[in-house]
Amino acid sequence: MGYVIGIDLGTSAVKTLLVDREGRVRGEASEAYPLFQEKPGYNEQNPEHWVQATLAALKAVIREAGTDPGEVEGVSFSGQMHGLVLLGEGNRVLRNAILWNDTRTTEECREIEATLGERLLAVAKNRALEGFTLPKLLWVKRHEPELFAQAKLFLLPKDYVRFRLTGRIACEYSDAAGTLLLDVAGKRWSGEIAGAFGLSPSLFAPLVESGASVGTLLPEVARETGLPEKVTVFAGGADNACGAIGAGILSEGETMVSIGSSGVVLSYVDRGDVDYGGKLHFFNHGKADAFYAMGVTLAAGYSLQWFKETFAPGASFDELLRGLDETAPGAGGLLFTPYLVGERTPHADATIRASFVGMDASHRLPHFTRAVVEGITFSLRESLDILRGAGHDIRSLVSIGGGAKNETWLQLQADLFDADIHKLESEQGPAMGAAMLAACGCGWFATLNDCAERFTRRARTFRPRPEQARRYAELYALYKRLYGDTREVNAQLAVYRGS
Ligand code: XUL
């Protein structure tokens with residue numbers, strides 16, 4: 001028969017997906033790992049936890065699929081972006097990885113802007129944001145100089161896990177683009193940026209395409225997982241690139257909304273010489289020589305997870321989201337801004353924090369749940385508006401991630417975005433994109449577009465309802481005022497955080 005496995009190294013868990021040649025999911029497994037938040041704004045993980053969880057999730061997916069592991073032909077990866085994994089002598093991990101949602105690096109961002117000026121946007125195509133990798137490298141250099149002196153190499157999260165599975169070191173363009181160290185259009189590490197911060201060229205891993213074969217499994221990994229040693233391992237891509245591949249966002253005019261821990265609105269772009277003036281992220285796609293522009297809400301699904309853990313720990317997500325059916329747009333006059341860990345788009349601000357505004361004695365859990373869901377979606381609407389303002393004619397989006405699992409939320413997205421929302425038949429998020437990279441690498445398809453035609457099927461379209469869309473347009477105007485209205489207070493409250 002022949003199978004491939006997609007591995008998505010997420011922020012809360014790693015997910016493995018075993019897929020056949022028709023794109024049918026034959027097995028799925030996931031293994032969670034902890035997030036360390038030692039101080040406000042800090043978000044770290046232990047790379048060894050990723051490796052052990054990945055091995056466990058590989059074993060589990062093979063068990064669950066009940067297929068002969070000898071028939072698995074290829075494996076590939078998707079991963080949380082930007083995280084800094086610093087390796088020393090003998091490729092030993094020097095410290096916990098500092099993640100994409102860690103916001104300790106504001107000072108380093110200002111230093112990058114001051115040093116590079118307009119060259120930053122010209123070369124790296126993105127502005128300096130706390131979550132990106134270069135500010136993290138500079139933070140370690142400044143705050144942990146002895147440790148930095150031992151650094152021989154840095155890797156991104158999934159590239160480290162791939163290294164541990166294959167023994168081969170590589171980085172690919174879609175994740176390299178999120179470091180601020182890549183010449184995005186030229187597809188090479190920027191000697192100019194690295195040199196400006198005294199970073200030695202030896203710190204950088206060789207660059208390959210997402211679909212490139214990186215090697216095969218190490219004998220001990222093959223033994224432990226039951227997979228054959230000859231399985232080809234393909235480089236894979238950043239989770240947003242892989243989400244886009246899995247959703248079939250592979251041609252100009254296609255847009256997706258993805259609600260995982262973070263939330264993104266992402267449009268395909270086929271040229272590297274465009275200029276969004278730093279208002280959006282602009283990265284290399286997992287499809288060779290393609291790109292995408294996107295806006296990011298840092299705490300999307302994470303806002304709902306935080307809300308559930310804090311205020312309704314006994315409820316499941318399904319139970320909580322039933323609140324959407326019991327309430328009307330506007331949650332009875334309650335608004336929420338999802339700035340729990342600061343924000344990226346449209347407000348690049350590490351200090352801003354979340355608010356509930358308009359609490360009334362009549363509000364109950366379902367109102368708050370609805371306000372959180374609407375707040376996440378309003379925030380994504382702001383990214384959508386920037387894309388539209390930059391000339392993307394977006395009348396429909398493919399919705400993926402946790403936000404695509406609930407039909408009421410899908411309808412809410414259609415009403416609030418005033419656009420058609422497509423739900424996929426089998427929504428598997430970025431792990432499916434990783435599996436598709438492996439499927440193409442194995443030669444099952446000539447192109448990712450061909451693979452998407454077979455693997456990505458749209459199940460249903462939610463269309464905006466005029467009455468609800470009108471109501472959301474009014475509420476959105478109010479929502480947009482809240483950032484400016486709460487910024488100053490939050491800046492002053494920052495000194496109390498963590499006490
Ligand atoms: C994108 C970003 C997040 C992470 C989440 O720039 O930081 O979407 O990739 O995994």
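Okay, ground rules. We're looking at a predicted model, where local features need pLDDT of at least 70 and side-chain atom pairs count only at pLDDT 80 or more, while totals for chains, interfaces and linings use all residues. Residues are numbered from 1 along each chain as its sequence is written, and side-chain values use heavy atoms, with hydrogens and water left out.

Let's start with the sheet. It's open, with seven strands in the order E18-E19-E17-E16-E22-E23-E24, and the pairing is mixed. Helices (H or I, at least four residues) and strands (E, at least two) are DSSP runs, numbered from the N terminus, and two strands pair if DSSP finds at least two bridges between them. Who sits at the edges? That's E18 (281-284) and E24 (458-462); each has a single partner strand, so one side of each has no neighbour in the sheet. On average, neighbouring strands are turned by 30 degrees against each other, direction ignored. For angles, axes are lines fitted to C-alpha atoms, for helices over the stretch in contact, and values run from 0 to 180 degrees between N-to-C directions.

E18 pairs with E19 (residues 291-297) in the antiparallel sense, over four bridges. Within that pairing, Phe-283 has Tyr-292 of E19 as its bridge partner. Then there's helix H14 (residues 407-417), packing on the sheet and touching E16, E22, E23 and E24; contact here means heavy atoms within 4.5 Å. The direction of H14 makes about 150 degrees with that of E23.

Glu-407 and Lys-423 form one, at 3.3 Å, N to O. That links Glu-407 in H14 to Lys-423 in E23, 16 residues apart.

How many salt bridges does the structure hold? There are 36. Take Glu-28 and Lys-15, at 3.7 Å. Glu-28 lies in E3 and Lys-15 in E2, so the pair ties together parts 13 residues apart in sequence. Is Lys-15 buried or exposed? Buried, at 18% relative accessibility, whereas Glu-28 is partly exposed at 35%. The cut-offs, with a 1.4 Å probe and protein chains only: buried is under 20% relative accessible area, exposed is over 50%, partly exposed is in between.

One last stop: Glu-44, Arg-95, Asp-102, Arg-104 and Glu-144 are linked in a salt-bridge network.

Technical notes:
A salt bridge is a side-chain nitrogen of Lys or Arg within 4 Å of a carboxyl oxygen of Asp or Glu.
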